[in-house]
Amino acid sequence: MSSVRVLVGTRKGAFILTSDGKRKDWKVEGPHFAGWEVYHVKGSSVDPNRIYASQTSAWFGQIIQRSRDGGKTWETPGGGMEKTADGMPKGESNKFVYDGVPGTHMWYDGTQHPWEFKRVWHLEPSLIDPDLVYAGVEDAALFISKDGGVSWSELSGLRQHKTGANWQPGAGGMCLHTILLDPKNPQRMFIAISAAGAFRTDDGGETWKPINRGLRSEFMPDPTAEVGHCVHRIAMHPSRPETLFMQKHWDVMRSDNAGDLWSEVSDNLPSDFGFPIDVHAHEPETIYVVPIKSDSEHFPPDGKLRVFRSKSGGGDWEALTNGLPQEDCYVNVLRDAMAVDSLDSCGVYFGTTGGQVYGSADGGDTWNAIVRDLPAVLSVEVQTLP
Amino acid sequence: MIRVALPHHLRTLARVDGEVSLEVEGRVVTIGAVLDALEARYPALRGTIRDHATLKRRPMVRFFACEEDVSHEPADMILPEAIASGAEPFFILGAIAGG
C-alpha cells in the first residue's frame, strides 16, 4: 500500500511525518539537527531514500546533510573521516564559494554591496540522477553538486547576468528560493529570486534570461522593469512545463509560454499577497494559494486561515476552510511550506509559522492538523512512496 | 595533547561528547594550529568556526584561553603554556544571542 513521507524544515530542526495512504494516522519523528534552522528538506524522485537537508545557523554557518535511508540516519557528505590520497578531508559539503570575483549587487540604500554567501534556501534534486542536486542560496546564486552534495560549484551564468548588479534583497534577504526543473527538457529550468524576479535557462544553466514581462510592482521606480520584482514562489505541473503559476509579493500570476509573458489571475482573492503557490498532482489547472493580509501584516485576513483553490488555473477562487481555524489565527505560511502528494486523491500539506502542519487527503476539501506545536515551519515537502 | 571544548551544536556535528583532545604539530601552539588540527580531525567542522576561504573567525564564534578572550587575536598568536600542555582547555563558544 502506498504511503507518504512529509519532510518539514523548521526554525529549530527537521521533522519527518509519515502515514499510510489513508493519511489519517501519523507518526511524527524528530527533531533532526535539533536547535538548527532547517530551511529545506527534499528527497530525490529517482531514489526516494536519498534526502538532502539544508541545516543552517547564524553562529556556525551552513551544513548540508544527506540521508541514504529515507531520513533514518544522516551524514554530512564528505565531512566524515574519509581522506583523499594526500591526507586532506574528502569533500567540503558546506563550502559554497562564488565563482571568480564575486562582485557587488544593489544594497537596501542603493549603494553597491559585495555578494556574501549566507545560507542555502532550497535544494532541488535532479529528476534523473540522485547524486545531482541544485542549491538556491542567499545572496542569490545557483550551485550544483554532481557528487551527492560532497562538493559544490556555482552556475555563475545566472549571477553574472548583465542585470546582476541591479538585484536588491527583499526584507528576508536576497535569496534564490525556487528551482523548477522542466521534466520534458533537461536543458531548461526556472528559478526565482527575491527581489530580482524569475529567470529561465534553456542551456542547462550556462545562460539565463529574465522572465518578468507582464509583472507590475508599484514599489519600483519603473513598475514594469526587467528585474526587481519580488517573486515569492513559482510552481508548475510536470505535464505542462510551459505553464507557470506565480505568487508575487502582491498578485497571483500565470504564464502559458514558459514565463515569456505573465497575466494576473488574482481575481476574487481576499488578498493577493502571499507566499506559497502549488498545483494539484492530477489536475494541472487546479492551484492553491494562502492569502496573507499585506506585506506589513503577515497573517491571514480576518484571523481566518484559508487556503484558496482555483480549478481554472486562476480566477473563481474558492475558500477551503473545513478543519482550519476560522477565528483568532495570526500565523503565516512561508513560500516553501506547501506541497502536494501524488496519491489518487491528491494530498495537500502546508506548515505555519505557529508550528502547525495541516494536511488534506482530498485535494483541500477537508483539513486536519497532523501536528500542532512544532517550531515555526520554514518548509514542507512530501514524498509519495510505493 | 591539546584539549578543546566545543559548543553543544558543534559537538553534535562532530559526533563527540565532552572535550576533544588533539595533537598539534609544531614547537609552539597557536590559535590557527589548534583550528587546523581540529578541522583535520573533524572535517565536518570545516567552515563552521572560520570561513572556508578567508579563514576568518565567524562573527558569532568566540575563543577563550585561560579565562582570556582571544577572539580578536591573530591566528598566529601563541597560546599560553597551560593550553599547550593540556592543563587548561581551549574554549570555542557560540556568542549568547538570539532565541
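# Chatting through a two-chain model

Colleague: Which strand does strand S26 of chain A join, and how many bridges are there?
Modeller: Strand S26 (residues 348-351) of chain A is joined by 4 bridges to strand S27 (residues 357-360) of chain A, and the two run antiparallel. Strands here are DSSP runs of E with at least two residues, helices are H or I runs of at least four, and both are numbered from the N terminus. Two strands pair if DSSP finds at least two bridges between them.

Colleague: Before we go on, what are we looking at?
Modeller: This is a predicted model, where local features need pLDDT of at least 70, side-chain atom pairs count only at pLDDT 80 or more, and totals for chains, interfaces and linings use all residues. Residues are numbered from 1 along each chain as its sequence is written, while chains are lettered from A and ligands numbered from 1 in the order in which they are written.

Colleague: OK, back to the strands. What is the bridge partner of A:Val348?
Modeller: A:Val348 has A:Ser360 in S27(A) as its bridge partner.

Colleague: And what sheet do those strands sit in?
Modeller: An open, antiparallel one of 4 strands, in the order S25-S26-S27-S28 of chain A. Strand S25 (338-340) and strand S28 (368-371) of chain A are at the edges with a single partner strand each, so one side of each has no neighbour in the sheet. On average, neighbouring strands of this sheet are turned by 25° against each other, direction ignored; the axes are lines fitted to C-alpha atoms (for helices over the stretch in contact), and angles run from 0 to 180 degrees between N-to-C directions.

Colleague: Switching to chain B. How many helices and strands does chain B have?
Modeller: Chain B has 3 helices and 5 strands, and along the sequence they follow the pattern β-α-β-α-β-β-α-β. Its radius of gyration is 12 Å, close to the 13 Å from the globule rule for 99 residues, so chain B is as compact as a globular protein of that length. That radius is taken over C-alpha atoms, and the rule is 2.2 Å times the number of residues to the power 0.38.

Colleague: How much of chain B counts as buried?
Modeller: 32% of its 99 residues. Buried means 20 or more other C-beta atoms within 10 Å of a residue's own, exposed means 12 or fewer, and partly exposed is in between, with C-beta atoms placed from the backbone.

Colleague: How many residues of chain B are in contact with chain A?
Modeller: 17 residues of chain B are in contact with 16 residues of chain A. Helix H1 (residues 8-14) of chain B gives the largest share of chain B's side, 3 residues. Contact means C-beta atoms, placed from the backbone, within 7 Å.

Colleague: Which loop holds B:Cys66?
Modeller: The one between strand S3 (61-65) and strand S4 (68-69) of chain B. B:Cys66 has a positive phi of about 50° although it is not a glycine. B:Cys66 is partly exposed, with 15 other C-beta atoms within 10 Å.

Colleague: And A:Asp302, buried or exposed?
Modeller: A:Asp302 is exposed, with 12 other C-beta atoms within 10 Å. Its phi is positive too, about 65°.

Conventions:
Two residues are in contact if their C-beta atoms, placed from the backbone, lie within 7 Å.
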